[in-house]
Amino acid sequence: MLLSEVGYARPSSVDEAVRLLAENDGARPLAGGQTIVNVMKARAAAPDVLVDLADLADLRAIATAPDGALELGALATYAQVIASSEVKAARPVIAEVATQIADVQVRNRGTVGGNVCSNDPTNHLPPVFVAAGASMTLVGPDGERTVPAGEFFLGVYMTAVGPGELLTKVVVPARDGAGDGFSAITIGADGTCIVNAAATVAGDEARVVLGCVAATPVLLTAAAGAGAVREAVRAAGLDPPSDLHGPAEYRRHLAEVVAERAVAAAREET
Amino acid sequence: MTTTAPEQVEAPQKGFAGQSIPRKEDKRLVQGQGVFFDDVKRHGMGFVHFVRSPYAHAGIVSIDVSAAEELEGVYGTLIGEEVAAQTDPFFEMSTPPGSEIRDYALAVGKVRFSGEPVAAVVAETRELARDAAELVEVEYEPLEPVLDAVAAAEPGAPILHDEAGSNVVWSGTFEWGDFDEALAEADRVVKIDRLYFHRFSSTPLECAGALVEYDRGTAQWTLHCNHQMPGIGIVWMAPALRVGSDKLRIVTQDIGGGFGNKITLHPYFVALCLLARKLNRPVQWTEWRTDQHTANTHGNERTFLDVEVPVRSDGTMLGFKVRAFDDAGAFPRYEPLGCIIWAQVTPGCYRWRHVKVDFTQTCTNKSPTAPNRGYSRMQQLWFTERVIDVVAHELRLDPVEVRKRNYIRSDEMPYETPNGCVYDSGDYARCLDIALDLVGYDKLEERRKDAESRGRLLGLGIGSTLDSGTNNFGQSQLLNPELQFSGNNEVATVRLDIFGEIVVTLGTTPQGQSHETVAAQVVADLLGVTPDDVHVRAGHDSYWNSHAGFSGTYASQFAVTGLEAVKGATLALADQIRRLAAVILGADGPDDILLKEGMAERRDMPEAALPFMACGAIINVNNAGLPPELDDVTLNCRYVYRPPFQVPDTERKFGNLTLTYATQIHACVVEVDPETGVYEIVDYAAVDDCGTRIHPQIVEGQVHGATAHALGAATFETFPYDEDGTLLASNFYDYHVPHALDMPPLKTGSIESPSPFNSLGTKGMGEGGGAGIHAVCAALQDALRPVGSPIVTESHNPYHRVWALIREPEASRAGIEVSER
Amino acid sequence: MAPVTSMHVSVTVNGELHEREVEARRLLVHLIRDDLDLTGTHIGCDTGNCGACTVVLDGLAVKSCMLLAVQADGASIETVESLAGPDGALHPLQQAFSDRHALQCGYCTPGMLMSAKHLLDHNAEPTENEIRRAIQGNVCRCTGYVNIVDAIAAAAKGEVSA
Amino acid sequence: MKVEGTRSYAASREQVWAVLNDPAEMAGLMPGVENFELLDETHWRAKVKVPLGLGSMRMSIDFEKADSRPPEHARLQAKGKGVGAIMSMETEFDLSEDGAGTAMRWQADVRILGQVASMGQRVIQPIVNQQVENVLGALDRRVSAKAAGAAAGGPPSSG
């Protein structure tokens with residue numbers, strides 16, 4: 001509670017938002033605020049200026065592109081994602097995962113963009129987007145650029161979003177017969193994540209992405225059979241963190257289990 | 001949810017007692033109209049922020065508050081040196097060396113746990129107070145911390161309190177029966193090298209805090225706060241502040257849960273008193289969640305070493321021997337009472353006669369401990385339940401049969417335990433049967449097979465516990481014969497006012513226990529009115545005369561002490577009304593008057609009746625000409641209930657330590673995923689016997705809550721520290737309390753075995769005995785039999801520990817040994 | 001617009017328009033409790049886990065400790081104080097909570113009621129699991145949720161005492 | 001928490017040493033240094049604003065050169081204070097000749113106390129790793145620039 005003094009601006013266009021982010025040292029976008037406001041309460045890390053994106057209505061949209069890709073506006077809330085017929089049709093796993101994020105109140109405010117940009121290792125969406133081969137659209141002073149999800153997550157709380165840049169949408173390619181799956185072990189029902197895995201299976205090949213075992217999501221590819229997936233996780237030589245919810249060796253073991261389960265779920269969807 | 005019909009041991013009561021009437025507290029609380037301390041505001045009040053130590057153990061080299069004081073909007077500061085000059089250390093209950101400990105409102109000279117307050121800042125807004133606190137410069141000289149109770153007792157351990165010269169707060173031996181004789185009688189002896197009960201707390205949703213005003217003219221402080229035991233709070237605070245107890249007025253209305261965690265708030269409150277006086281303005285402090293977790297209080301952590309249990313071939317256990325180490329944290333505030341409170345339930349539910357306990361409590365560089373729902377007994381009961389299940393497992397006996405063989409029988413009640421406690425009534429075996437029925441025990445093997453077919457391991461576990469209520473504070477003399485505490489008391493006033501209003505004040509400080517409602521039921525029955533006619537003052541105010549030395553809401557006692565006080569005061573009022581009415585109505589005497597439907601009427605002539613309103617008016621405003629025999633009739637009656645206690649025998653450490661014993665027998669069915677250690681409670685039954693129930697719905701609500709706490713502690717809730725002494729669960733992300741989806745469906749059942757030791761037949765029951773923790777441990781041990789039969793030796797079993805048990809069952813069994821005699 | 005550290009905020013709370021100059025860093029819950037004196041909304045944690053501060057903002061249940069007051073500029077907010085009728089008649093959820101003993105200390109109750117109201121506004125016939133999911137973001141330390149779940153189900157079915 | 005590693009540079013030991021042992025140079029390597037103050041030969045102080053993604057963490061860090069055997073071994077102690085965090089770090093470097101270049105063996109023992117440590121157990125290790133990587137990356141660049149500068153006949157740096 002009781003934040004440090006902070007500057008606040010509420011731009012009415014993406015251009016203005018980008019300008020504010022570029023012009024103000026230590027500026028940070030404010031979307032749903034369900035992570036950053038908490039971080040600011042602790043005062044350990046704080047932005048100097050919050051650029052509130054609330055009025056950028058365009059960024060709330062969820063749409064299907066002509067090529068069948070799912071376009072999730074950065075400001076789309078989890079609640080919107082869960083209710084979206086586009087998501088259900090294109091990539092139902094995203095809605096399924098969104099229902100497991102925190103609780104109703106957080107899902108009413110928290111956004112897709114906030115989830116990926118905060119990039120806490122316990123977040124559910126980063127592995128899903130990496131597995132599905134999504135890409136992130138960033139707008140900055142020099143225009144727009146696209147970063148593949150696999151290159152977007154750079155470290156704990158660190159992403160490819162550069163100074164003065166803003167994530168506007170996440171584009172998830174059409175499934176094209178692939179199947180998606182997700183599995184997580186959490187503290188209690190839908191509590192903080194201990195380890196999670198997302199998988200996308202196309203044909204006999206599985207892209208498995210593990211969360212919570214490293215600073216960023218860990219991508220592995222394997223043949224989509226249980227033994228091969230476990231072998232691939234073992235071969236990855238994971239060095240997960242230890243904390244009160246589980247020592248490293250437990251996370252290492254769970255990684256195999258959730259990877260296998262996510263792949264099994266993905267295969268069911270193919 | 002299933003509820004078995006209560007089996008009445010006596011004829012059902014008539015009247016409102018025994019019925020689940022609507023709660024009087026609800027109307028304001030469901031509308032957000034409760035008054036919690038943080039809702040109280042005063043003109044010009046300043047907000048307090050405490051500067052806290054990041055070190056678990058460090059010397060304080062210097063504190064510089066100048067930059068903070070220069071910030072605009074800052075009213076002032078307080079540091080340890082001022083506290084040391086203006087107050088005396090809090091009273092310590094222990095004998096040397098524990099009694100040498102000097103505990104102040106702020107750290108003086110050194111810090112002894114991470115989160116300990118070292119300075120306080122007061123400012124115009126909450127935010128500004130925090131801004132200013134960041135400007136306080138404290139220079140520390142880090143010292144090595146000691147974080148384990150057993151290690152703290154070893155020679156060479158870092159010493160927390162130099163003035164005590166030792167980390168030992170209290171240590172002593174308890175010997176009842178003849179343990180050597182029991183060994184000689186036994187066919188086998190089971191040895192367990194270590195059992196460990198973890199650190200957690202009930203974490204009430206409302207954190208602690210107060211708004212403190214100082215009146216210069218009367219030199220009196222008023223604390224609008226959520227202290228749950230103001231009687232003892234004042235006993236700590238007044239001498240420290242060097243004033244008489246009347247200079248501290250403690251006011252509470254609604255309190256957002258306490259569970260014991262709001263009993264030792266005196267260090268914070270003394271700091272607030274000093275600030276209010278120094279700055280001559282009201283000061284307000286609201287603890288944060290992080291503060292509550294790091295620096296309020298935790299439940300006692302206990303390690304049981306070198307356990308020996310002599311057993312006969314038929315499974316009869318003769319007693320036990322154990323060395324127990326209790327971790328008091330950095331300051332023994334309510335401690336060392338925990339070193340004796342466990343003895344209220346020495347043998348648990350069992351007929352064990354030969355007991356030898358070596359008990360040591362030490363200070364460590366962790367948050368201080370204090371009473372926490374099930375205080376000190378929960379640890380002992382977990383120990384007894386673990387002993388039962390470990391012994392049953394090792395001797396290949398059925399845990400149900402072993403319990404029934406060793407349970408104290410209903411025909412033995414009242415039962416004197418080896419240490420002189422008297423279990424008043426109860427029928428444990430019958431409660432167990434009901435619990436087993438509720439979880440479908442007869443179908444257990446089929447369910448195991450079904451779970452197996454789904455790749456799951458199913459197990460059943462039992463937790464048999466007691467909730468000993470109404471403390472005999474004389475037990476403190478078993479720790480320190482010099483202490484001048486004994487017995488117990490609680491107070492109530494009941495009066496009939498000018499317009500016939502029946503107004504009740506209580507000495508208690510409820511935090512959800514529904515005292516307004518339950519008191520009204522008792523008063524209504526005795527005065528022949530309805531609970532709606534009875535106005536029970538919300539909250540507590542020590543300035544009224546409804547205040548006794550042990551007043552408060554703690555230790556499962558309201559149903560006995562609180563209600564006996566209410567009953568005593570009401571009977572006195574009823575007697576006065578009858579005497580008054582007899583005179584006015586010309587009856588033969590008070591016995592000729594019947595109180596009914598708000599009237600005092602002549603039994604022989606019902607048409608001659610005096611409304612209560614008239615009685616109130618006559619005494620209060622129309623009293624000329626009343627005869628002298630009514631001189632003492634005030635219609636304002638105060639009664640202090642004193643339970644019938646003796647001072648225990650300090651030589652033998654023997655005597656009755658509590659008045660009533662409620663029973664909780666829980667049965668739990670778990671399913672474990674052997675691949676991950678993740679488990680789920682798939683069936684759960686809680687059977688409760690708290691004697692006569694005044695309000696069954698409220699009783700059941702307490703059972704639900706106590707069960708939720710126990711299940712949370714069993715799986716999720718723990719306060720671990722890293723090697724530097726930093727707490728690793730300082731918020732609700734890492735300290736995961738059960739949410740609605742985490743709670744299994746609860747089935748409840750009950751029987752009523754009225755207590756013969758109080759006039760209402762009631763027993764305190766709010767704390768429970770942590771039965772859920774024991775039941776989960778036992779169920780896990782049962783479920784894991786097919787994967788190497790690991791033994792559960794710790795009270796907290798998160799998924800990763802269950803996985804470790806599955807992976808290395810032998811490691812868990814290494815400390816268990818069975819020897820033939 | 002250049003960033004500001006304090007700004008003028010208009011919010012409609014329980015149908016009444018309030019205007020205040022508010023620091024950008026002030027949390028909505030402090031605006032509601034300290035500035036508007038609506039103390040029914042409570043604070044139980046520092047991290048947005050407990051839900052005691054739940055209010056309904058523009059039709060959605062949110063935790064008012066996870067929003068800055070300036071973010072609520074122009075919004076319409078309902079707090080627990082809005083539930084009972086002007087005549088003092090309790091909302092069916094409030095009545096059901098009392099009937100079923102769904103509260104003990106009452107500290108979590110306002111947030112719990114607002115989450116329950118949000119549920120019933122969007123789902124008139126929730127299953128038990130839907131009820132549990134709806135209040136998953138609200139911590140209660142007294143009841144084990146048993147009677148809360150019962151009470152919400154009863155309110156949904158109209159099974160409340162008159 | 002201990003982190004360690006080895007690094008090699010296409011520069012002489014003296015060049016690497018010069019960078020590592022010049023407080024001003026070191027300050028240039030650390031992310032987010034806002035203010036730098038030399039207290040005496042072996043003590044200096046930096047006010048930093050460490051970028052952590054979601055915001056920055058302000059810290060005041062006191063450095064002490066604890067041990068120094070040019071051009072092969074140095075030990076540095078740092079104590080930092082921020083809101084809710086106390087950081088202490090002991091770093092050691094050992095430089096050895098490696099053909100024409102230099103090999104560096106380094107280790108750091110980092111301890112973090114306070115609320116940040118309490119909340120961030122699971123992320124502190126990766127965050128520390130990230131910060132170390134940042135510093136080492138900057139060191140690489142600085143040393144190469146120095147080596148290139150020296151090769152181009154630039155002025156020798158003072159120790």
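Okay, let's start with a pair of side chains in chain B: Glu820(B) and Arg188(B) meet in a salt bridge, 2.9 Å from N to O. By salt bridge I mean a side-chain nitrogen of Lys or Arg within 4 Å of a carboxyl oxygen of Asp or Glu. Glu820(B) sits in strand β30 (residues 816-820) and Arg188(B) in strand β8 (residues 188-197), so this pair ties together parts that are 632 residues apart in sequence. When I say strand or helix, those are DSSP runs, numbered from the N terminus: helices are H or I with at least four residues, strands are E with at least two.

Before I go on: this is a predicted model, where local features need pLDDT of at least 70 and side-chain atom pairs count only at pLDDT 80 or more, while totals for chains, interfaces and linings use all residues. Residues are numbered from 1 along each chain as its sequence is written, chains are lettered from A and ligands numbered from 1 in the order in which they are written, and side-chain values use heavy atoms, leaving out hydrogens and water.

So, is Glu820(B) buried or exposed? It counts as exposed, at 56% relative accessibility, while Arg188(B) is partly exposed at 22%. The cut-offs are under 20% relative accessible area for buried, over 50% for exposed, and partly exposed in between, with a 1.4 Å probe and protein chains only.

Here's another pair in chain B. Asp88(B) and Arg242(B) meet in a salt bridge at 3.0 Å, N to O. Asp88(B) is in the loop between α3 (80-86) and β4 (110-111), Arg242(B) is in the loop between α7 (230-241) and β11 (248-252), and they are 154 residues apart. Both ends are partly exposed: Asp88(B) has a relative accessible area of 34%, and Arg242(B) has 45%.

Then there's Asp411(B) with Arg409(B), where the closest N and O atoms of the salt bridge are 3.5 Å apart. Asp411(B) is exposed at 61%, and Arg409(B) is partly exposed at 40%.

How many salt bridges does the structure hold over all chains? There are 97. Some join up into a network, made of Arg230(A), Glu231(A), Arg234(A), Glu256(A), Glu260(A), Arg261(A), Arg456(B), Asp673(B) and Glu675(B).

Okay, on to how the chains meet. Contact here means heavy atoms within 4.5 Å. Five pairs of chains are in contact, and chains B and C share the most contacts. Chain C and chain D have no contact joining them, and their closest C-alpha atoms lie 11 Å apart.

Let's look at chain D against chain A. They bury about 1800 Å² between them, 60% of it on carbon and sulfur atoms. That buried area is the accessible area, with a 1.4 Å probe, that two parts lose on being put together, summed over both. The contact takes 19 residues from chain D and 25 from chain A.

Three salt bridges cross this interface. In one salt bridge, Asp120(A) meets Arg122(D) at 2.9 Å, N to O. On the chain D side, β3 (43-51), β4 (56-69), α3 (115-119) and α4 (121-151) each supply at least two residues. Helix α4(D) gives the most, with six residues.

Now the inside. A nonpolar core is a set of buried Ala, Val, Leu, Ile, Met, Phe, Trp, Tyr and Cys residues joined through side-chain atoms within 4.5 Å. The largest one has 244 residues, and those with the most contacts inside it include Leu210(A), Phe269(B) and Phe97(C). Helix α8 (residues 266-279) of chain B brings the largest share, 10 residues. A second, separate core has 77 residues, among them Val172(A) and Leu28(C).

What does Phe97(C) touch, leaving aside its neighbours within four places in sequence? Its contacts include Val30(B) as well as Leu103(C), Met112(C) and Ile152(C).

One helix to finish: α13 (residues 428-438) of chain B. Its buried residues include Tyr428(B), Cys431(B) and Leu438(B). What covers the buried residues of α13(B) includes α12 (399-406) and β18 (457-471) of chain B. Just after α13(B), Gly440(B) takes a positive phi of about 65°.
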